Every structure is written in C-alpha cells, then in structure tokens.
Amino acid sequence: MKADRGQLRVDENECKGCGLCVEACPPHVIALSEGLNHHGYRTAKYAGEGCTGCGMCWMVCPEPGAVTVLHLVAATVQAGGVECTGN
Amino acid sequence: MPEIGNTYEVAFERPKSMYAQFDRKEDLQHTTHYCAGCGHGQVHKLLAAAIDELGIQDRTVLTSPVGCSVFAYYYFDVGNVQAAHGRAPAVATAIERSRPGATVISYQGDGDLSAIGSAEILHAANRGENITVIFVNNAIYSMTGGQMAPTTLVGQRSTTSPGGRNPATEGYPLRMSELLATLEAPVYIERVGLGDNRQIAQARRAIKRAVENTTKRLGFSMVEVLAPCPTIWKMSPVEAQRWVKDVMEKSYPLGVMRDRVKDAEPKPEPMVAPGLAEIPGLLGIEAAVPGEASRSGHRRRGKAVHLGVRVAGFGGQGVLLLGEVLAEAGLEAGLEVSWLPSYGPEMRSGTSNCHVRLASEPIDTPLVTMPEILVAMNEPSLRKFDASVKAGGWVIYNGEEFPAELMREDVHVLAREFTREAQALGDPRVANMVMLGALLELAGVVKAEAIHKALTKLVKSPKWVELDERALARGRVMAREEREQVSRGCGVMVG
Amino acid sequence: MHRQLMKGNEAVVRAAILAGCRAFYGYPITPASEITEAAATLMPKVGGVFVQAESEVAAVNMLYGGSSAGVRCMTASSGPGISLMQEGISYLAGAELPCVIADITRGGPGLGNLGSEQSDYHQVVKGGGNGNYKTLVLAPNSVQEMADLTRLAFELADRYRNPVMLLADGFVGQMMEPVEFAGKALEPGTPSWAVTGERETRGNMITSLHMKFDDLERHVRHLEEKYRCAEQLEARVERSFTRDAEIVLVGYGIVGRILKAVVAEARAAGLRVGLLRPITLYPFPTSEFRAIASHARCVVVVEMSTGQLVDDVRLALNGACPVEFYSRVGGNVPGHDEVMALVTRLAREMDLQARLEEMGVAHA
C-alpha cells in the first residue's frame, strides 16, 4: 500500500461546519460529520485516506486552527522496505 | 518484517502570528467571532501566513477598522491599534511616519474604506504612504445588519435598498481599486477573490506581495479581496463562495490594477535626529549672550514709558512691518512690547491695521483702542481711527490735505505726502519707514541703535536696510521740522 | 535664554518641540495656520514628522496613530476644524492617548468669521464627542503663556494619558510679544503601553472598544477617577487684587488682559475690584471661586461669547454670590471702557455709591 502524500487533522472543537473545505478538496476526501459537535455544528471529517497534502482545505478554512495539513516526509513500505522522502 | 512507520510533518497549521487562544475575546476563546464561511476568517489566515513567511511578526502593526473585523486584535499576535470608522489609513500613516521600522497594515472592510473612509484611503494612497491596505469587499454593511454600501451591486437588495440598488438614485458599485490605480503614488494594487480554489491561492500570493512591498519600504500597496458574507447574503457558505465568482466578479473584475514594484525606490531612510543641545538653535531660539542684560522691561531705568500706537493703511503699504519694527525696537530698548495685527481677509487686500504698545511696565491689554499716536497711511484709515486718538496725541497722516471735518482741537497733526518723500528717496514702498521715523521722533522712546538692530533683524536685504535707514532719518527730520512749528509743545506721549 | 518677539502661534510650535513633540498633523484654517506653517518648517529640521492632512478628521486620527506609536504629537485648528475633530478626541480619550490640540478660536457658528471669539468654550471644555470623557483645557493669555502652557500641556497629557487642549482666542495666537523659552529641550522616552512595531511592544493594543458592559463600566470609572485627580491637582488661576475685592472680574485669554487694565483703572478710582482669571478651564478652579465668594459682593464674567464660561462660574459659586455677565461677539472685543462703565454702575448700585461720590467719580 502506497502512503498518502498528506494527512489532515480537523479540530472538531474549532470547526464551524461551513463546508468550504469539503467543496475545496481536490481529491474529495472531506465530508461533514453526521453527528453534531457540542456547539451544534456538523464538522469536517477526513475520510482517513487519499489526502494529497495540497493545503487547499487549510487555505479556505476561515478558522485559524481548525484544519492542520501534514506532509509525508518519510514512508516505510511494508513489502520492500523502500524509503521515500517527500517534501 | 519491517514495521509500517510513515512520518508526517505539519505543513499547514494555525499561523504563528495568530494567537493560539483568543484571550481578548469574552467567551468561546478557541474560535473566531466570525460566522461559518466568513471571508474575514479566510483573509485573516492568509495575512497571518504572509506575516509568518516574511518573518515580520515582531515589527508588524495592524490597524483594525470598524465593521465585522473590528476585533482583528483578538486574533493577530502583532502590535494592534483599533481605529475609528474609516480612519485607519490616517492612523496607519502616523504610525508608519514615526516608526518607519514597523510594517503597518491597515485592514478594512468596504463600508469602512469606500464610504466613510473614502477621503482617508484616497489621500493615504495619493501620498504613497508605506502601508499595506487589505480591503475586504463583501458588497454590504455586515456588522450593522446588511445595509447598502457604496460597493453593493446594482439590483442587490439590502435593508436600505429593499427594492434592490437603483443606480438612478443610488449610483453604481464603487470600484476603489480602479479609482486608486489612477493615482501616481501607489506601487501595487490588485483585486483578488475568494470565489474558488484558484482565486484563493492568488489572494494568498497577492497579500504576501503587498506586505513584502511594505517591508521593503516601497510605498502604498493595496489588495482588494472580494469576500463572501453568507449570513447577510442569506446563503450557505458554499453558495456565497460561488456568488463571489459568478456574480460579484462581473462587477469587480479581478486582476492587477497597478504594479510598479520593479521600478519603485524604497522610501529614504529617516534622518538622524539632531542632539537635544542643537534643538533651540534649529528653532531659531536665541541664546542669551553672556554679559548682555536680558531684554526685560523691568531693567530699564529712566522715565516711565506708556505708548499706544495704531497703524492703519491698505494691504501692501507695510502697515504690519512698521508696527513690527517699532515693537522689535522697543524690545531692543528694554521695554515691554506687544504687537497685535488685524488679520484674515484684510491681510490679503483692503485695509490693514495693527496695535503696538511699548511700556516700561508689563502690558495689560495689547489692544490699543485709544492710541497716543495714529499712523494713518491712507484716508479711509484716518476716517476710521481719527476719533479714537487720545487727547494730546498725534496723528501722522500720509497726505497733505487733512480733511477739515476730521480736524480736532486736542490732537496734533503731521500731514505730509510721505509716499512722495519715499519716492524721492528711491522707492515709494519705504513710505512706512519715513512715517516710522516721524513717529519715533515724536514719541522719543527708542534710540537709533535699537531701531538699527530691529531693522537688521527683520529686513534681510542689506540694500533695503540702507534705504530704510535713510527713510527713517528723513521721517525724523520731517517730524522735527513740524514740531518746531507747533508752539503747543512736544513729547506729549511720554510720561 | 533670551526674550524674543514672536507670534503666539509661532511660540506654540517651538515650545512643543522643546517639550519633545516630534509629530504634527495639520490642516490650514485662519487664525491657526501659522502653527501648521511653523511646524512644516521646523519639524523636519529636528527629525520630526509633519503631515498636512486631508481634513481635520484625518489630522485628529493621525494624532491617534502617532500617539499610539508613543510619540509626543499635536495638531492645531480653529472652531469649525475642532468641531470636525470631536470624533477623534472622543476616541483619543477613550483609548487613553496623550496628545495636544490647540484651538485658536474664531467667530461662529458655522463659518462665522475670522475675528476672534471665545465661543468654542463649550465644545472644548465640555467636549463635543460622544461618551463620558473630559479633555484638560489650558487657556493662555499671552505669547509667553502660549509657550509655557504648551509645555505644560504635553506634561499633563502624558501624566493623565489624555488629550490636552490649548484654548486660545485669535488675538493670543496672532499677536507678537516677547517670549522666553524656559527649560531645556526634552526627549521623553517611549511609553510602555505604545505600539511601536518592535518585539517588546508586540503584546500592546490600543482601543476604545470594551464589549462587556462590566469592562466598559470599569473603564469609564477609571477615566472618571483620573479626572477627579486632575480636578484636585491641576486647577490653575491668576489672581489679581482679589484678596479684598468687592467686585471680582472674571475672564480668560485676551479678555483677562483687558480686565487687568480695568482693575488698574478701577483701583486708581478707589474701587475694590479684582481679577480672577482661570488658566485651566477644565479642571475648573472651583475652589478659587468658592474662596472669593466669602468677600466678593458681585462677580462679573466677561466673555467673547454669549455666555459659556459664565455657566461654570455660576456652578462653582452655587448661588453664593450674584453673577453679572457682559459679552461682545462676532469678532468684537469687550472694550475696557465698556467694562469700566459696567463696574462703575455696579459699584453705584451697591452701597459703594457713597464712596464713589466721595471720590468724585463721574456717572458712566
């Protein structure tokens, strides 16, 4: 299995569920949650895989820290033990 | 078997120049006060990211406006100054001028910038102030609940344009970027949008570029950002974002409106301030000469002096200068003095007059309502002030024909064509000095040496000083001749 | 230093620079323009900032910016311009920003005329902006006081973190008298609260906004407390023959000078007349007025307005002494003979009449 280039963390406490990241995400790996957070918002939810690390969700998100995007810098692949380094 | 161990590093996160928790906010200190999907939140993040990337957090001063972004200081961990509605460019101007090492950013909305603050933004831009202006345009007054702004689109409904903005009565959307781009001074003006990913990415680049210009002291930069206001527009955040791209952009085309960054010279470095000891000299404040007595009236010995003079004529006759030389000479002679001009439009044309007092005691009122000597340089002035002269005083009149109806039993008159005398000396403009010479002779309060000192101080050209001296001497002679003819005595003013 | 002849308006700028003022934001208006002109010439020489603003509204907001940045700064204007500045003055007081504003008063209302009046008393002393605030107001009556009170104005502005206004009439601004600049050139440090664009001040914030009701109440009470302190400490007057005065004349600025001449003439005529000249209009020298009420039989307020200062005099006296009022407006000045006539009439109406007749003073 190839590692995703990016990863996404959503702070559910900070997200207001505007949905702009859902709309912006090129690989469409963000959706709004079914349930509500304690403020009453449906919050952004990462599908868990497929993030390219492009940062668009971060850029469109109006809350300063609701979205954090990570980049893959070192991946170890189970089969061959090949290491690749990303930026 | 090797373990799965992918390593990730944070690439996009809360900008460092935004607070981790918003302690200045009353409650819900983990989120902004902005509505879900608000353009301000997006612009805040892009601006903070630019500040981070340029490494200027410590030197950044942000002026926040009135409007939804009034609370920008809740969020930006930089120096913060909150300004009155529309006035942020004036506030930013003053901060930047006195703190040229600071990067001053004026954050403003469209009601703030394009309506109430239209003068301040225009002139800050025209002066080429070294500031960045972030202009968030959502085509409406949001904080006050959705009233029409100058930026509201044609036909757009608002609480104050319930039938839609009608250009026949409410005009057209004001395109501030295009307007300011007509000015010479600005270095960079661009309009960007928050309508889709590509626009937002461009907004990020533009904001960074503007702030970078400011850090390099290149001059005025502004980025106008077309931003969604889902709440007031009554749309979902995604609908509002689309509306920016599909509708707003038609009235407000995106793009660079002005860019002379490449050719722009950085603002000159401020001069090194002079030392404190140099300041009085730079202000023209005279230092006391060691050994020379202070020019204080109380030190003067001899007879008491109390002289009130009114000088009047038409503008250009040197009325005020005559008075000034007299006052300056009085000061040189160790007397208390005051000089009070008529001022205003009279200064430019028509009549002009001044009050001068010389006294051996501190002067109470500088107004001379009953002069001991009236110097009337023309007939209207004589008619205006003749009756006010104190009994026993003198009228020095520029004319040989003294109007009979103005003749007073109790006042001496010296009536001569002083302008003609001046002409004979070389220039009719020294008539005032001939008359001053006569006045000094009659009053007898100031010695020639003091007059010379006063003249050289007030009259810069040696040629004119020389002519003025001759004029003064001529005036003295004329007064002496007159006094010799008048049997009623002399020196009435002194005592 | 050395006494030199200078206009009041020119003295203001020199005194300001000596007091450490390094920024001036101006907009021309008669009869205050010489202040702006002198600042344009002198500020650059001393490494200071001069900006000709696009309006008085911009000028006062530049004060807000300059003061926020921790710089001693000032502006000058006249009636209509001061009206435009009132918005900014309220913000300055609310944000506790020190600065100095000179009002060289002209005739009003509206454009009025260019003559001298004292009709800005209410808008300057009572404040024309919104909210619970005060400005400290100094009223010079000579070129020397234009210099001395400008220096004092900067000290008070910093001490109270509040705008201080210099309220002078057109005469005091326009006239020339000898002036001596006392005291050395100052270089005040940057206040700790300023926003300077440096690491040390990054956490600082300037605002007049306090969203929580309790926060704003606390803030307004804090301002009120400052004003109470100023009322205790800063009231200033000039007294002249008030100790035994039966008639006390009251006037500020140029009127104070005219009244001094009246006092001299009245005393020469044997009338017990004195002068109480407020130098601070806010804080109002209330206790000085209470003190004269013990022996004065009449207080005569003379103003170049239809009666603004007189309200404060009446409040201070609180009925303890009858108050007469005399005024000229429109650019006209209360002549010293006019006031003398009033004093003579009052003296006659009171039982000073007998003494008057004794002295052979003619009926006015």
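Mentor: Start with burial: Lys7(C) and Glu34(C) are both buried. Buried means under 20% relative accessible area, exposed means over 50%, and partly exposed lies in between (1.4 Å probe, protein chains only). The model is predicted, so local features need pLDDT of at least 70 and side-chain atom pairs count only at pLDDT 80 or more, while totals for chains, interfaces and linings use all residues. Residues are numbered from 1 along each chain as its sequence is written, chains are lettered from A and ligands numbered from 1 in the order in which they are written, and side-chain values use heavy atoms, with hydrogens and water left out.

Trainee: What do the side chains of Lys7(C) and Glu34(C) meet in?

Mentor: Side chains of opposite charge can pair when their charged atoms come close. A salt bridge is a side-chain nitrogen of Lys or Arg within 4 Å of a carboxyl oxygen of Asp or Glu. Lys7(C) and Glu34(C) form one, with 3.3 Å from N to O. Lys7(C) belongs to strand β1 (residues 4–7) of chain C and Glu34(C) to helix α2 (residues 33–45) of chain C, so the bridge ties together parts 27 residues apart in sequence. Helices (H or I, at least four residues) and strands (E, at least two) are DSSP runs, numbered from the N terminus.

Trainee: Where do Arg221(C) and Glu217(C) lie?

Mentor: Both are in helix α8 (residues 213–233) of chain C, four residues apart, about one turn of the helix. Arg221(C) is partly exposed at 47% relative accessible area, and Glu217(C) is partly exposed at 45%.

Trainee: Which parts of the chain does the pair of Glu246(C) and Arg272(C) link?

Mentor: The salt bridge between Glu246(C) and Arg272(C) has an N to O distance of 3.6 Å. This pair links distant parts, 26 residues apart: Glu246(C) is in the loop between β10 (237–240) and β11 (247–250) of chain C, and Arg272(C) is in the loop between α9 (254–268) and β12 (273–278) of chain C. Glu246(C) is buried, at 8% relative accessibility, whereas Arg272(C) is partly exposed at 34%. Elsewhere, salt bridges with shared partners join Glu217(C), Arg221(C), Glu224(C), Arg228(C) and Glu231(C) into one network. Over all chains, the count is 58 salt bridges.

Trainee: How much area do chain B and chain C bury between them?

Mentor: The size of an interface is often given as the accessible area lost when the parts come together. Here the buried area (accessible area, 1.4 Å probe, that two parts lose on being put together, summed over both) is about 6100 Å² for chains B and C, 63% of it on carbon and sulfur atoms. In contact terms (heavy atoms within 4.5 Å), 70 residues of chain B touch 74 residues of chain C. No contact joins chain A and chain C, whose closest C-alpha atoms lie 19 Å apart.

Trainee: How many salt bridges are there between chain B and chain C?

Mentor: The count is six. In one salt bridge, Arg202(C) meets Asp77(B) at 2.9 Å, N to O.

Trainee: Which strand of chain C does β3(B) pair with?

Mentor: Two strands pair if DSSP finds at least two bridges between them. β3(B) pairs with strand β9 (residues 205–206) of chain C in the parallel sense, over two bridges. In this pairing, Val81(B) stands opposite Ile206(C) in β9(C).
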